[in-house]
Amino acid sequence: MPLNKIQYVFLLVCFGTAPVLTGANVRWENQKQYFKATATDTKVEATFEFEVLSDTFEIKTIRTSCGCTTTELEKKIYQAGENGKITAVFDLGLRKGNQKKYVILQTNDPKHPEIHLEIEVDIPYGLLIEPRFLYWVKGQQSYEVQYIDLKIDVEEVIEIQSVSTDNSQLTVEMEQITPTHYRLSVQPVIGEGEIPFFRSIITIELTPDAPLRNKKYFAYAFMKT
Amino acid sequence: MMNFRCIGFFLIPLVLGLLSMAYHPKEARWSPPPLAPGEITYRDAAALESTIWVDARKDEVFEKGSYPEAINLNHDNFENQLPELLGFWQPGDVVVVFCDSLSCDESHLIADRLRGEVGLEDVLVLYGGWSSMKKGLGR
């Protein structure tokens with residue numbers, strides 16, 4: 001069945017716009033990258049490499065999910081056959097635990113107008129204190145003992161030099177469970193007629209040669225109503 | 001005859017498209033996505049009896065304006081800011097953490113630290129963050 005003019009125009013529009021809608025074909029080496037930071041790392045650098053297989057690829061904007069991550073881009077427009085890379089630097093600051101940061105690209109690719117590049121980092125605590133917050137309800141005749149676990153989550157040898165409180169109404173005793181696990185027994189001892197403390201800080205201090213950025217750690221004890 | 005064929009050529013895909021839009025099993029609905037575990041909407045959080053609002057954004061952003069009575073607690077200053085939150089907190093309080101909008105993840109990270117490291121039990125993340133709060137406050 002021969003097509004009439006209108007049908008020809010319709011087909012022309014359909015097939016004519018197809019290449020535009022397809023956009024550039026880009027192959028990414030690794031859109032998600034995982035890192036395991038050491039206790040002394042201050043930043044993590046991730047390089048996202050790509051290859052433009054066909055058409056022109058334009059990165060219109062580049063932003064990050066956090067002010068702690070900066071990016072570096074060589075140029076914005078890449079022709080077919082060109083390779084490119086985006087370097088992202090995540091400043092770890094005082095962050096701990098599992099962290100995910102994103103680099104978000106706006107592109108000219110209608111199929112993938114927004115591309116998310118992911119940096120996942122596990123940052124060791126060095127000394128993990130759980131929990132860091134204890135509380136007792138005011139007005140008891142005696143206050144029960146509560147416990148804080150101190151766990152070392154790095155391979156390096158870490159030694160605890162001292163554990164102290166800033167308040168004589170709070171007693172703290174430390175025992176070693178395993179070479180990387182200590183337990184603090186914490187108990188308020190309020191003398192008769194004494195006004196209980198509102199807040200007390202427990203300070204855990206490591207030896208000066210401990211291979212960690214932080215040498216002092218804190219936990220908090222409160223009296224609540 | 002030719003006219004009917006022309007009309008049919010355009011009309012049939014149009015009708016099929018409309019039918020698909022109306023009855024497709026994976027039809028997109030104009031409702032907010034379901035909340036992830038540990039998230040709460042602003043409307044529900046504002047209705048709680050005792051809520052502590054925690055703003056997980058950076059100090060300089062917090063200082064430009066935040067929710068009334070919100071406490072600032074972010075990664076950069078976590079150690080210095082944590083005691084203030086713990087001082088305010090009372091047994092039974094629900095801590096609701098927020099950051100800028102849906103696209104930020106700081107509120108989730110701070111909430112995780114409060115639950116795991118600090119040991120607070122009732123910690124939720126505000127769905128939509130500060131953007132949803134501003135709408136709620138009519139700003």
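Where in chain B is the place of Glu69(B)? In this predicted model, Glu69(B) falls in the loop that links helix H3 (59-64) to strand S3 (71-72) of chain B. Although Glu69(B) is not a glycine, its phi is positive, at about 70°. Glu69(B) has 9 C-beta neighbours inside 10 Å and therefore counts as exposed, the limit for that class being 12 or fewer.

For S3(B), pairing with strand S2 (residues 51-55) of chain B is parallel and comprises two bridges. Across this pair, Asp55(B) stands opposite Asn72(B) of S3(B).

In chain A, two loops contain backbone features of note. The loop between strand S3 (43-54) and strand S4 (57-64) of chain A holds Asp55(A). Phi of Asp55(A) is near 60°, a positive value in a residue other than glycine. Asp55(A) has 18 other C-beta atoms within 10 Å and is therefore partly exposed, since a buried residue would require 20 or more. The other loop lies between strand S10 (127-130) and strand S11 (133-137) of chain A and includes Pro131(A). The peptide bond joining Glu130(A) and Pro131(A) is cis, with omega about -10°.

The two chains meet through contacts between 20 residues of chain A and 23 residues of chain B. On the side of chain A that touches chain B, the elements giving two or more residues are helix H1 (5-22), strand S8 (97-107) and strand S17 (216-224) of chain A. The largest share of this side, four residues, is provided by S17(A). By residue class, the side of chain A that touches chain B consists of seven nonpolar, seven polar and six charged residues.

Key
Residues numbered from 1 in each chain as written. Chains lettered and ligands numbered in written order. Predicted model: local features only at pLDDT ≥ 70, side-chain atom pairs only at ≥ 80, totals over all residues. Pairing = 2+ DSSP bridges. Contact = placed C-beta atoms within 7 Å. Nonpolar A, V, L, I, M, F, W, Y, C, P; charged D, E, K, R; others polar.
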